[in-house]
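Please look over the structure shown here before reading on. The notes that follow take up its packing, its chain contact and its strands in turn.

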Amino acid sequence: MTEGLNRRRKGYLRVRLSGGGLERFLNLCSANGIEPWNLCACGRGSAECCMELSQFRRIRPFVRKAGVKVRIVGRYGLPFFIYRNRRREGAVCGLLLCGFLLYALSLFVWNITFEGNYHYSRDTLLHYLETLDIRYGMRKGRIRCEDLEESIRSAFPEITWVSASVTGTRLVVRIKENEVLSAVPAKDDSPCELAASGAGTITRMVVRQGRACVAVGDAVGEGQLLVSSELAVMNDAGEIVRTKYVHADADVYARMEFIHKSEMPKLCRQEVPTGRVRRSFAVSAGAFRARMRLPVRGELPAALRDGVWSFMEWVSEKTGLSRFLQLPARERSDTLWNETSEICQLRLFGDFYLPVFLEKTTAEEYTFYERPYTREEISAAAQQEEAKYIENLCEKGVHIIENNVKIQEYGVSLLIECTVTGEEEITRERAVRIPDTPNEELTEQE
Amino acid sequence: MPEDFESRRTAASHNSLERGKERRRDLHITSFFSIPQEVLPGEPVITITGRNSVYIENYRRIECFCEDEIRLRARTCRVSVTGKRLKIEYYTQDEMLIAGQIISVSMEV
């Protein structure tokens, strides 16, 4: 393919060779570095072949020597194209303008891509790049990849490796994130006690450090002390010598009741497609957007009556005005459309992206009506709500023991009440204030 | 003139004898070292792909080019490719790709 393009760039000829020493001419050509291609015999003692323009200029002595006649059959390639169109100034200007425009566009970044990011979303990284003044449409020369890599590494500690490169009009940021914990959390040894994070009945408890203040089977309220940090140090006579404050550590599980209430309307909105489908195509560049809305299939005659241009829009986002081509379209205002759009960025080749976006939209017309939910639908909705709530609890580490769902009419809506009984760890660390007592002083001295 | 002709004939026979000697020497070398003969300079290498293309390396010159036959001269033999609608896709001083409907590839001394 590259060879073909190269030949077209240099220009080549299709020549017909006839006469006596055809084979001699071919041998002379190959011996002198002239390499014709696509050589095919046509008729008696004559053949056609392709030859590069520069090589064609060198064959005169061999033609005389071999006694062949050469006739040009076709001229192909850029030099001939330019020669043929030498009088078309407008086309030449257009081509030059196009080339200049492409060159100007190639100086900016029109696409930013992140690869290998799982923890940090594209929006987060884009937002960060904006703080570094790196954004869509900026000059490529202003991006310093080394500085960008260093900034990202220092701003996001979980990112261990960054590679930024500008290829074409695209900025590619490749990232590797840390898959293990970057730092081991430091052990907290400061004195603290454990309190209940909610109300419930204790089902099991394991105390590793501290003094248990409750027992299995006790009902506790929110904020009640479960494990104290105070440990009394006694002498042989059983007297308290001093009090030691420790970092209480225990697993205390309690049976708790979780209640979740949600509302849903009694009437549901039912959308019914009418079958009318409308397609539209749009091209947007910067703040401008030109959209062509095709008429609904089967309604073309009526659309033509309104005028084809009624389907064209030229919208400027900056001014918010529709200009030039828009005429009042006779679209029924009471219709509703579900629109699905596909947007893709235009690119010439490889990484040469252009600031032009193509948009294809498919709109389906629908009408709607309201109807009351059926019993089955209500039941399904309640169960779905309950399952969602239970899933949330499970994520928090609650062991589900029992669950119930209740549906009640509540004015114009339905009230879904989910009651879940589960077992959850209820310890919550609470700092203790160490009293300034002689006992404590003793502790400090020791 | 006859002397000239005689001297040319003598030179030609001398050249042919020299070529024969060279060839025998090459054969001895390849058999002695157990190396393939295609590594010797000048031996034609012919690669046939399906019925539609023949690739020839180490040819000397084109002797005949027409639609039904392409005959080439190599160092040690003549190679003749016969077929229908034959054409030379490309050729250089050493190699050539022949395309078309190939019927036979034959060699003669």
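In this predicted model, Leu22(A) is in contact with Leu17(A), Gly45(A), Ala47(A), Val68(A) and Phe65(B), leaving aside its neighbours within four places in sequence; two residues are in contact if their C-beta atoms, placed from the backbone, lie within 7 Å. Local features need pLDDT of at least 70 and side-chain atom pairs count only at pLDDT 80 or more, while totals for chains, interfaces and linings use all residues. Residues are numbered from 1 along each chain as its sequence is written, with chains lettered from A and ligands numbered from 1 in the order in which they are written.

**Cores and helices**

- Leu22(A) also belongs to the largest nonpolar core, which has 30 residues, and together with Phe25(A), Ala47(A), Phe65(B) and Ile98(B) it touches the most other members. A nonpolar core is a set of buried Ala, Val, Leu, Ile, Met, Phe, Trp, Tyr and Cys residues joined through C-beta atoms within 7 Å.
- The largest share of this core, five residues, comes from strand β5 of chain B, residues 78-91; helices (H or I, at least four residues) and strands (E, at least two) are DSSP runs, numbered from the N terminus.
- Another core, of 13 residues, lies apart from the largest one, and among its members are Cys192(A), Met205(A), Val252(A) and Met256(A).
- In helix α2 of chain A, residues 22-31, the buried residues are Leu22(A), Glu23(A), Phe25(A), Leu26(A), Asn27(A) and Cys29(A). A residue is buried if 20 or more other C-beta atoms lie within 10 Å of its own, exposed if 12 or fewer, and partly exposed in between, with C-beta atoms placed from the backbone.
- These buried residues of α2(A) pack against β1 (12-19), β3 (46-52), α4 (60-66) and β4 (68-76) of chain A, together with β3 of chain B. Just after α2(A), Gly33(A) takes a positive phi of about 80°.
- Helix α1 of chain A, residues 2-10, has zero buried residues among its nine, so it lies largely in the open. Gly11(A), which follows α1(A), has a positive phi near 95°.

**Where the chains meet**

- The contact between the chains takes 14 residues from chain B and 13 residues from chain A. On the side of chain B that touches chain A, the elements giving two or more residues are β3 (59-65) and β5 of chain B.
- By class, that side of chain B has seven nonpolar, two polar and five charged residues. Here Ala, Val, Leu, Ile, Met, Phe, Trp, Tyr, Cys and Pro count as nonpolar, Asp, Glu, Lys and Arg as charged, and the others, Gly among them, as polar.
- Strand β2 of chain A, residues 37-41, pairs with β5(B) in the antiparallel sense over three bridges, two strands being paired if DSSP finds at least two bridges between them. Within this pairing, Leu39(A) stands opposite Ile88(B).

**A sheet in chain A**

- Five strands of chain A form an open, antiparallel sheet in the order β11-β9-β15-β22-β21. Because β11 (219-220) and β21 (399-410) stand at the edges with a single partner strand each, one side of each is left without a neighbour in the sheet.
- β21(A) is joined by 11 bridges to the antiparallel strand β22 of chain A, residues 413-425; along this pair, His399(A) stands opposite Glu423(A) and Lys406(A) stands opposite Glu417(A).
- The two strands β21(A) and β22(A) form a hairpin with two residues between them, and Gly411(A) in the turn has a positive phi of about 65°.
- β22(A) also pairs in the antiparallel sense with β15 of chain A, residues 249-265, over 13 bridges, and Ser262(A) stands opposite Ile416(A) there.

**Chain B and confidence**

- Chain B has one helix and six strands, which follow the pattern α-β-β-β-β-β-β along the sequence. Buried residues make up 16% of its 109 residues.
- Chain B averages a pLDDT of 82, and 77% of the residues score at least 70; pLDDT is the predictor's confidence in each residue, from 0 to 100.
- For the complex, the predictor gives an ipTM of 0.73 and a pTM of 0.51.
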